[in-house]
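Dear colleague,

I am passing on the structure that we spoke about, and below it you will find an account of what turned up in it. Please read the account with the structure open beside you.

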Amino acid sequence: MSFRERLQAWRYNLIPDHLVGEILTKRWTDNAIPFLVLVATVAAFGTSIPGFFKPFSLQESTRQLGEFSIVVTGLTVVMLGGGIDLSVGSIFALATFAAVSGFFIFELPVWAAFLMAIGTGIAFGALNGYLIGFRRLRAFLTTLVTFIIGRAVFDILVVNYGAAIQTSSASSDVWDFIGDGSIYRISIPVLTALALAIITHIALTRSRPGWHVLAVGGSRRSAHNAGIKVKQTVFMTYVYSGFCASLAGFLIACRLSGAGPGTGLNMEILALTAAVVGGNSLGGGRGSVVKGLMGAIIVLVMNNGLIRLGYGTGTNQMVIGLMLAIAVIIDIRWLKNRHKVLNEVYVAPVYLKMGETQSAVPGSASPYALNNAISKTDYIGLGALEGPEDVILDRDDHLYCGTRHGEIIRYFAPDYSRSEVFAHIGGFPLGLAFDRDGNLISCVGAMGLYSISPDREVKRLSAETRRSWTSVQDDARLRDPNDLDIAPDGRIYFTDSTKRYDAHDWALDSIENRATGRLLVYDPKTGETKTLLDGYRYMNGVCMAHDGKSLFFAESWACRVHRYWLEGPKAGTAECVIKDMPGYPDNINRASDGTYWMAWLGMRTPSFDLSLRHPGFRKRMTRRLPQDDWLFPNINTGGVVKFDETGRIIGTLGDLTGQSHPMVTSMREHKGHLFIGGILNNRVGRLRLEGADEGWTGPLSYWGERA
Amino acid sequence: MDTKKGFDLFILNQERIVLAITAVIFVVASFGLPGFLTPDNLVAVVRSVSVLGILALGMAVVIIGRGIDLSAVAVMAMSVAWYLQMLNAGWSEAGALALVLSGVILIGLVNGFLVAYAEVPAIFVTLASASFVFGYVRSQIITADAVPVPNGHWLQSLGAVQFLDVPVEVFIFATFALIVFLFLRFTKWGRYVYFAGDNPVAARNAGMPVRPMLVLRYTISAILSFIAGLLTAASLHSMNTRVVNSTLFYDIVLVAVIGGIGLSGGKGGVRNVLIGAALTGILLNTMTIIDIPLIYQNLIKSTILLAAIIIDGVLNPRDEQTAQQGDI
Amino acid sequence: MKKCLKMLLAAAMLSTGLAAPSLHAADDPNPAAYAAALKGKRVLLVPMAMGFDLAQGWSAILKREVDAFGGVFETRDPNWSVEAGAQAITEAISSETKPDVLIVMSPDLNSYSKLMKKAQAEGIYVVLVDNPANFKADAYVGGDWTQLGRLEAEAVVKGCGPNSSKKIGLVQGDQVNATSLYQYAGIMEVLEKKYPDFKVVAKPDSNWDATTSRNVTTTMLQQTPDICGIIDFWDGDATGAAAAIREAGKQDSVFLVTTGGGEKTADCDKIADGTYGAVVMTELAQETHNMVAIIKYLLQSGQKPGTASPLIYTLMKATTKENLRPDSCWDLKALQADAEGK
């Protein structure tokens, strides 16, 4: 290895470039900008205000923050649901008045005053919700009007009952504790705000009503068409906002023990600013409670900090205006360009030096020498099929294959001219296998492992495995389940080709060439899926050895076949049995003579092999060139390879015309015929195998005579 | 725009409902309130809403183009405050006016640019610019909340100008209403405002200069705000910047929207602004004549507004399938 | 009032003087005691906003005085927001650099009461200024708003004269502020008791906004064309009422009375040009010096905050064109220039 290549290998294989892309796919990176602003704000004011971080100072000065963030949390929920609530200031004021009047005028106990405040807020919120949710009025205009109404009612109440409140002598320890107390140096409003934020966050992200809110905000029409009760959902968001505003109102009532004409004035603008600075989008669909909280902290720290530092009227507004503009512009540009950035940085190629291979040139003496053996086959479903990745035959000789349209098609024996849709899956069925009871098990691209019973009932077996501790990306999800086979004990061994790309982006995975393929096992007894092996370059076909004690699996981009031992002294380990093939292996299946068939989805080319030694080149290629101009692995010529238990290559079948079966992804032997499928082909080919066992079938080989 | 609707006079929409309410109040007040139906009082009604009306005209142009301009009040108050401050500091009339006018146009351009080219939602852009304009002028340029008009300045005399016993503000309001009407109705770009408001993507695909038009609309709104501010200063002989913290913005939006201009854009015109202004003016005038305290006036006003939008909601319910996403 | 203060001060000095063990004729110990008691003390002013004449006047004079005795003077500008004001007070109480004297202009009777009690509990003297509140402050310095209303009523009656229509309009502030409510009470008391033949024909609210004031005054003038006098509750919005009168061409027949802090451009200039008939003015300089005196007293008294709550009302008088003198008003610009010069 030259020094240059060694350098490349270190640079690209040791520095985890791919994490950048993976981090960027995380939803929480949305929060990066508001979070940075938050840190900068707190740091700036924390250092310029003496004693800012003193526990006592923080405990006292964060009371208002607690109340304010409660209001912002409510507003965030409304905004997530696609609405807006300008009336929060009025609700806040009315709730404050309700609490204060209940406590001081009617001299009720604190809990009754609390209920009065919350009741007021919920009633007001329900009015908003009824008008906007059920009557379908426009949120902005409606809450604008209810805001004015609420304010007017509040002013009237304060005028008429203000004196009575002021002259009352009611007092209560509970009331004072809520207003002035703290637990572990954290004031009650902050505790309440935190509790509310956590509950709201969990409700939004982990509960059905929360999902409904997000769905309605994301696309009201789609939510409606999906059967979500849009009106009720919208109604509830306003009730919730009313509840939050009144909760905050109650807290300030306890803190100030009074309500004046200025209570809650201009709060709506401040709350809206906070929600927006935090990164919640207006019109719904994007945002979170955390964003709302961050916005609330930024706005209030800024606001109070500037006042605290003695800056005059206006400085505040100027800074907040600038900050809002910058935050929103960055946020919008980021949102708009994020996928572009992601496209640019996501593909992070690694260095690989492919081994020297034997020739596949026709006529060369190598066992890989290609020929024209599969250029003439009997076509099944020519033109009617699209993308039969895998083919399989049952005991009654019927042929099954998946299609790009998300269906499994059955062709009827004996002439395979008649067909029907056997089952509709929804995803692209790839690998297929029959279990002992005749259920058809399939790896469905990007979805998981599915089982289709003989009477066509589709059932999901597995869609996830255990998440590994060190992964940034959620590798519990199966992104590209590819092929499977079933052990005699019924356990299903299957591959997940890559953790980094969805099934349809397999070509990107080939360019990146990162080893993220996995071998998994699904245990039908427990219903659990476990990861057995990890770190292979596009793990593809799986085939149980004839004795059922080991299995073969293909590692496509490394052009290797490995054997994984289920039993015996090497149980749980894998060893490479074939390496440096001239083609990229795909599915592997049993042959009637005790050997194995392996499909080649394409052939190595010197140019692509060379590019694998130049990760920098591939990286530049994906960034600078349109996808049409990229250098891909050659998938225009494939073939079928036969090998035995020891990994010795017996022979190769090819299609030099490139017309019948240029790319082969699977083949099945059945009663003296070989059925050939290709993921990019529009037919299944049937080839007569001279001298093969006419009675041998897959189900017989696996499960014996019909029980 | 929709000829079919034009012929069917019995379809009630928000505009007609508000018009009907206005008419009812007008008739009741005419009979019930002595001194209401006098020329002087009617002039006073129009006059009381003329500044609001001019602001609402600018807002209407923006709203029809599917936007909103929260910075109108800030631009109105702060531009004039800055102007007066310069005059008080001894600037020449032309210099001060030129500087302020370019400042106002700059704000409009920045608003429009950020909405059109940076694609930031209008409500955020203008919320931010309102805050910034107020903050910058208040903290860096002027020292007190209120700035007086210098003695002997033409603004002082403008407030007293009358033609045919009608104060000049009324004429100015009428003139701008006419100009905006002509612009929206008969100029190519005016018609484009509707198309761009109705379906910006389609308008852009059809080859209209959607983005430059957006910038134009915010600039128009800013200039109208400045003119409204000048009128305010002319009549009060000072400009109190506290108005930025008041609910004036909501009043502007209500005047623009209550008459039937949809916040989702593409609908309405100057007529709707006039109806909205008429309702507001008559309501306030009658309530002041009856001597209802302000806080009750607010309650009555907002309740009537609520009734209007509820009736509209009942008569013209929105449909889940046709509602626009993000239309708040 | 002044007398009382002087006595207090004298008492304070006497007590410190007595405490001094030895007295050298050539070496007066009092300045040292004074400096020791006042040096480095923090005075914090939290008005409703800093952007109007009163607050700026107070702060200019206070700054000069506090700087002079070696204290630290600070202001906070809540810009008319009650919550921001409450927060400013809260942070002041809990901050490391706690003020020794907190001067608060309360937006209403109740909003800050609890906070101010807290401040006293933390050992901070609280002085209420201009707006009364439902709270036992260490002093209230400012106007007697009822008395102010009485003066306004007297002024308007005088301005209307005995041969007028005797119809008066009020442009109130709002229905919530103590200042507005007490003014109204004072006006009505005088009118009912002393001048029962004067009638209030309308009493709309301006919400402290000049445009609203203009609109309601216009309507008032139309409804009652023969109105002889109008009282607008604040010079901040009385420009609106004045505009309405001017526009109706009734400058000569309608006598406008208002109240304000006695700033030159806001009040005296307008009396001079006839915009206002009379302005009941608070003498700002005197009011601020009252504050200064009480601050000095409190800081030397050693008493616990909340011990006593004296009312120190500022002298008010109605200024008209007749009794307008060059020194009737104070000039904000001059004061600020003065403060900056130092």
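A salt bridge, as the word is used here, is a side-chain nitrogen of Lys or Arg within 4 Å of a carboxyl oxygen of Asp or Glu. Please keep in mind that this is a predicted model.

Let me begin with a pair inside chain A. A:Glu512 and A:Arg500 form a salt bridge in which the closest N and O atoms are 2.7 Å apart. This pair links distant parts of the chain, with A:Glu512 in helix α17 (residues 506-512) and A:Arg500 in the loop between β13 (492-496) and α17, 12 residues apart. Since buried means under 20% relative accessible area, A:Glu512 counts as buried because its relative accessibility is 0%, and A:Arg500 counts as buried because its value is 1%. Both residues also belong to a network of salt bridges that links A:Glu22, A:Arg500, A:Glu512 and A:Arg514.

The side chains of C:Glu74 and C:Arg42 meet in a salt bridge at 3.0 Å, N to O. C:Glu74 lies in strand β2 (residues 72-75) and C:Arg42 in strand β1 (residues 42-46) of chain C, so the pair ties together parts that are 32 residues apart in sequence. C:Glu74 is partly exposed, with a relative accessible area of 23%, and C:Arg42 is partly exposed as well, at 22%. In the other pair, C:Lys317 forms a salt bridge with C:Glu283, where the closest N and O atoms are 3.9 Å apart. C:Lys317 lies in strand β12 (residues 316-320) and C:Glu283 in the loop between β10 (278-282) and α11 (284-301) of chain C, so this pair ties together parts that are 34 residues apart in sequence.

Next come the places where chains meet. Between chain A and chain C, the contact takes 39 residues from chain A and 31 residues from chain C, and the area buried is about 3000 Å², of which carbon and sulfur atoms give 50%. One salt bridge is found across this interface, and in it the side chains of C:Lys114 and A:Asp176 meet at 3.5 Å, N to O. On the side of chain A that touches chain C, the elements that give two or more residues include α8 (139-167) and α9 (173-180).

Between chain B and chain A, 49 residues of chain B are in contact with 58 residues of chain A, and the two chains bury about 4800 Å² between them, 70% of it on carbon and sulfur atoms. The count of salt bridges between chain B and chain A is zero, while two residue pairs are in polar contact.

The 19 residues of α10 (residues 188-206) should span 27 Å at 1.5 Å a residue, and the end C-alpha atoms are 26 Å apart, which agrees. Among the buried residues of α10 are A:Ile188, A:Val190 and A:Leu204. In helix α13 (residues 230-256) of chain A you will find A:Ser246, which counts as buried because its relative accessibility is 0%. Leaving aside neighbours within four places in sequence, A:Ser246 is in contact with A:Ile91, A:Ala95, A:Ala117, A:Ile118 and A:Gly121.

Lastly, an unreviewed UniProt entry annotates residues 482-568 of chain A as "domain: Strictosidine synthase conserved region". Over these residues the chain is 8% helix and 51% strand.

Methods
Residues numbered from 1 in each chain as written. Chains lettered and ligands numbered in written order. Predicted model: local features only at pLDDT ≥ 70, side-chain atom pairs only at ≥ 80, totals over all residues. Heavy atoms only, no water. UniProt positions renumbered as here; feature names shortened; annotations may be inferred. Helix = DSSP H or I, 4+ residues; strand = E, 2+ residues; numbered from the N terminus. Expected span 1.5 Å × (residues − 1). Buried < 20%, exposed > 50% of the residue type's maximum accessible area, 1.4 Å probe, protein only. Contact = heavy atoms within 4.5 Å. Buried area = accessible area lost by both parts, 1.4 Å probe. Polar contact = N/O pair within 3.5 Å; in protein donor to acceptor, adjacent residues only side chain to side chain.
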